[in-house]
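Please consider the following protein chain and its fold. The explanation begins at one residue and widens from there to the chain as a whole.

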Amino acid sequence: MKLELGAVHIRKFTFAETTSLADGHLQLSQRELDAFIRGLHPQIVEVETAIVNPGDEVRIMPVKDVIEPRTKPEGGFCFPGMNPGEEGVVGSGKTLALKGIAVVTTGKVVGFQEGIIDMSGPGAPYSPYSSLRNLVLRIEVDEHCNQYQHEEILRRAGLMTARWLAEQVKTAAADEVTVYETLPLPAQHAAFPDLPAVGYVYMLQSQGLLHDTWYYGVDVKKIVPTLMYPTEAMDGAIVSGNCVSACDKNTTWSHQNNPVIEALYQRHGKDINFIGVIITNENVTLSDKVRSSNQVARLAEQMGITGAIISEEGFGNPDADLMMNCSKLEVLGIHTVLITDEYAGRDGDSQSLADAHQAADAVVTAGNANQLITLPPMKRVIGYPGYASTIAGGFEGNLNEDGSITVEIQAITGATSELGIHTLSAHSG
């Protein structure tokens, strides 16, 4: 499967009477945008749109999702399965991505663990999304929607708006084009037979109760592990629909820009042979965990890989899935490297993972989510600051009268992403 990903770098983003793109300046018709969003679902009753830039004294909370605008200029659809009739396979052909901007959705809280993006101040460096020019959508639904309907409406509004935005300028010339290609298994092995064959085990949050991820429009907890071409993620085959702790929740933007996939492609043909991706779910019951990890091991063996990177999403219960995947691959002689974050307590001295295994001897940490930070007051808050005490990482009395908030960094969107999209790093003393 071969994808030509064209990047258009947006250096300025403003509202205007009409939509246009010239010299890196994207002007967007706010009137047309609002009309498009209101037309997406009859239960949308209120829409507020804003463009915020890095360095603005703006706080966005609670954040539902972050999406990069992308479109298929020569036909096809990004975010397959989100609309009837759009079930085609993605990951090939041409895709246009608007780089440097994102669509961010917010509104009254859908789940209790949505997070915060500060565009400036000490919280900004913890979130990769504070460096983007963000189109923020605050969308409210009518009182008859339950939490699942609310989540679905808000999720789809963000995805369709991001796609609509890219479609407005789909004839623009790309500033650069990168070609990604993964061949069928026999041909992929034959391309670099003398290099280590490496695969990627891509764990997706799927524990239910609004802990959902979607693959081609299917709730991932309803699937068994499967093979995926890496380029499918770039076209939005995987979208976020979960309300887990904001720090290690993989937004749709992070799936589109997965740095693990990018790094493996960069090293492909040099010191590794990047064979492909296994996507797998994170389960609640022991029997489901055993079943899925068995399937991961079977697929890894079938792929003929000798090494694998395994990335987790979330913490606690999914730590067991992570260790099962690791140990079963290691039994097969497949060397593994794990990417996870830690919940080691505010002092950093507590057990950082809920499960462990002696085979997990190569682990990359994405940081300690329990670390405390005080976020100063902002001139503008888009959304609802009153949720500061109830989001994961918050606590009673943490919202001060001046608008400042003391939270654990798990409340900051993307702060300890187990895909590595954040700015934290670790070193040995």
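In this predicted model, I60 touches V52, V104, T106, G115, I116, I117, M119, V136 and I382, leaving aside residues up to four places away in sequence. I60 also belongs to the largest nonpolar core, which has 44 residues; together with Y200, Y202 and I279, I60 touches the most other members. Two or more residues of this core come from each of the strands β1 (2-9), β5 (44-52), β6 (58-67), β9 (101-106), β13 (197-204) and β18 (273-281), and likewise from the helices α4 (231-234) and α6 (259-267). Another core, of 36 residues, lies apart from it and includes L26, I67, M160 and W214.

The structure holds zero disulfides.

For the protein chain as a whole, eight helices and 24 strands are assigned. Of its 429 residues, 57% count as buried. Among contacts with a separation of 6 or more, 80% join residues 24 or more positions apart.

The overall dimensions complete the description. A compact globule of 429 residues would have a radius of gyration near 22 Å, and the protein chain, with 21 Å, therefore agrees with that expectation. Along the principal axes, the C-alpha atoms fill a box of roughly 55 × 50 × 45 Å. The accessible surface of the protein chain comes to about 16,600 Å², and carbon and sulfur atoms account for 52% of it.

Technical notes:
Residues are numbered from 1 along each chain as its sequence is written. This is a predicted model: local features need pLDDT of at least 70, side-chain atom pairs count only at pLDDT 80 or more; totals for chains, interfaces and linings use all residues. Side-chain values use heavy atoms; hydrogens and water are left out. A nonpolar core is a set of buried Ala, Val, Leu, Ile, Met, Phe, Trp, Tyr and Cys residues joined through side-chain atoms within 4.5 Å. Buried means under 20% relative accessible area, exposed over 50%, partly exposed in between (1.4 Å probe, protein chains only). Helices (H or I, at least four residues) and strands (E, at least two) are DSSP runs, numbered from the N terminus. Contact means heavy atoms within 4.5 Å. A disulfide is a pair of cysteine sulfur atoms within 2.5 Å. The radius of gyration is taken over C-alpha atoms; the globule rule is 2.2 Å times the number of residues to the power 0.38. Accessible areas come from the Shrake-Rupley method with a 1.4 Å probe; for residues, only the protein chains shown count as cover.
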